[in-house]
Amino acid sequence: MPPSASSAAASDSLAAYPWLPDIGPVDAAAAERTRAYLDTLTKPPGSLGRLEALAIQLSAITGSARPRVDSPAVVVFAADHGVAAEGVSAFPQEVTAQMVANFVQQGAAINVFARQLGARVDVVDVGVASPRPLPGATDARVRSGTANMLHHDAMPLDDARQAMQAGMAAVERAVQAGANGLIVGDMGIANTTASSAMLAALLGVPAAQVVGAGTGIDSTQQAHKAAVIERALANRQANPDDPLEVLCKLGGLEIAAMAGAYLAAAAHRVPAVVDGFIATVAALTACRMAPALCDYLVFGHRSAEPGHVLALEALAAQPLLALEMRLGEGSGAALAYPLLQAAAAMLSDMATFSQARVSGKAP
Ligand SMILES: Cc1cc2ncn([C@H]3O[C@H](COP(=O)(O)O)[C@@H](O)[C@H]3O)c2cc1C
Ligand SMILES: O=C(O)c1cccnc1
């Protein structure tokens, strides 16, 4: 298919989904004002480096000269994956539900980092494979896990839409409760397989190039994981120009919910911090659906999962941190969040040259 025909197919499929929120461009005038204001603050121009770029982005997102990000919300979406049956993770599927209980009991890494930010963690079950609702989690279960992508499409379109809407609804709740920043996380055993398959399909690269250790599989198991993904890609034949089709055939319910959450945050002009590999694949999918979204996202960290670099490159994204982490849950996004707060505080609290009577640059 020639490029023009394939992009027409992609936008046709988008037109069929009016349930996606409308996202306008970021506020370029507010960004420009902040860019100029930064040079009036008592520091050599540009000396706060990427923190200055972050401050400009926060103004662009919020439209405010003094953006506020003092009240973040953390939302962790959990779901299971049929492809876990192929032995692609170091851990069994029941860990997804067990970790949801751990989130509810405040014991996971994301709970610890959220506490440091004074943020609440909303754990949303969009598709955990457990017989009963999970106590303490928000029940938005669309279905009990995806189908095994090796043999079936992971989910039908209607389930992907419902999961994306669950993501949007979680952001609505957070924004109504006063959140002005969003940290989105994932929990789902085998979701590095789903994300790797989606990324290989979206970028047209071999699975071996994106596959990594996930929860800690060795190199032999990684070769098996790549082979499973290659067979799934061949069986599913997802159209790389149709991100929703890629999501339905190869993705996961929590990945769909994360994509919906980013879109809803942008529609509210609330900065969302993207976490690691899984989160970035969700963000890439959402950005392919609504390209205006990309300017609203802050990339928190670079995960040790090898596919993450490719996903970040596809978004021309520069993550704030690189701590060799490979956890998910929103943990890297939460650790990066204080940098957003520092950028905002720089704009609201620093003295200007004239206020502090400091001489400007020599002529
Ligand atoms: C105890 C535990 C806590 C986690 N928290 C996040 N993940 C992360 O690991 C999983 C993805 O890796 P894979 O594709 O190899 O299964 C996801 O659940 C992800 O959120 C965890 C995994 C485990 C085992
Ligand atoms: O970077 C991630 O999001 C990640 C990597 C490995 C396992 N779970 C999550």
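Two residues are taken to be in contact if their C-beta atoms, placed from the backbone, lie within 7 Å. With that in hand, let me start with the chain as a whole, bearing in mind that what we are looking at is a predicted model. Among the contacts in the chain with a separation of 6 or more, 77% are between residues 24 or more positions apart.

The chain has 15 helices and six strands, and its radius of gyration is 21 Å, close to the 21 Å that the globule rule gives for 363 residues, so the chain is as compact as a globular protein of that length. If you follow the C-alpha trace along its principal axes, it spans about 70 × 50 × 40 Å, and of the 363 residues 53% count as buried.

Let me turn now to ligand 2, which has 14 residues around it, and of these Gly276, Phe277, Ser303, Arg326 and Gly328 come nearest. Which helix gives the most to this shell around ligand 2? That is helix 12, covering residues 277–289, which supplies three residues.

Finally, a word on one loop residue, Pro156, which is placed between strand 3 (138–139) and helix 6 (157–176). Along the chain Pro156 and Ala282 are 126 residues apart, and their C-alpha atoms are separated by 17 Å.

Note on methods. Residues numbered from 1 in each chain as written. Chains lettered and ligands numbered in written order. Predicted model: local features only at pLDDT ≥ 70, side-chain atom pairs only at ≥ 80, totals over all residues. Near = placed C-beta within 6 Å. Helix = DSSP H or I, 4+ residues; strand = E, 2+ residues; numbered from the N terminus. Rg over C-alpha atoms; globule rule 2.2 N^0.38 Å. Buried ≥ 20, exposed ≤ 12 C-beta atoms within 10 Å, placed from the backbone.
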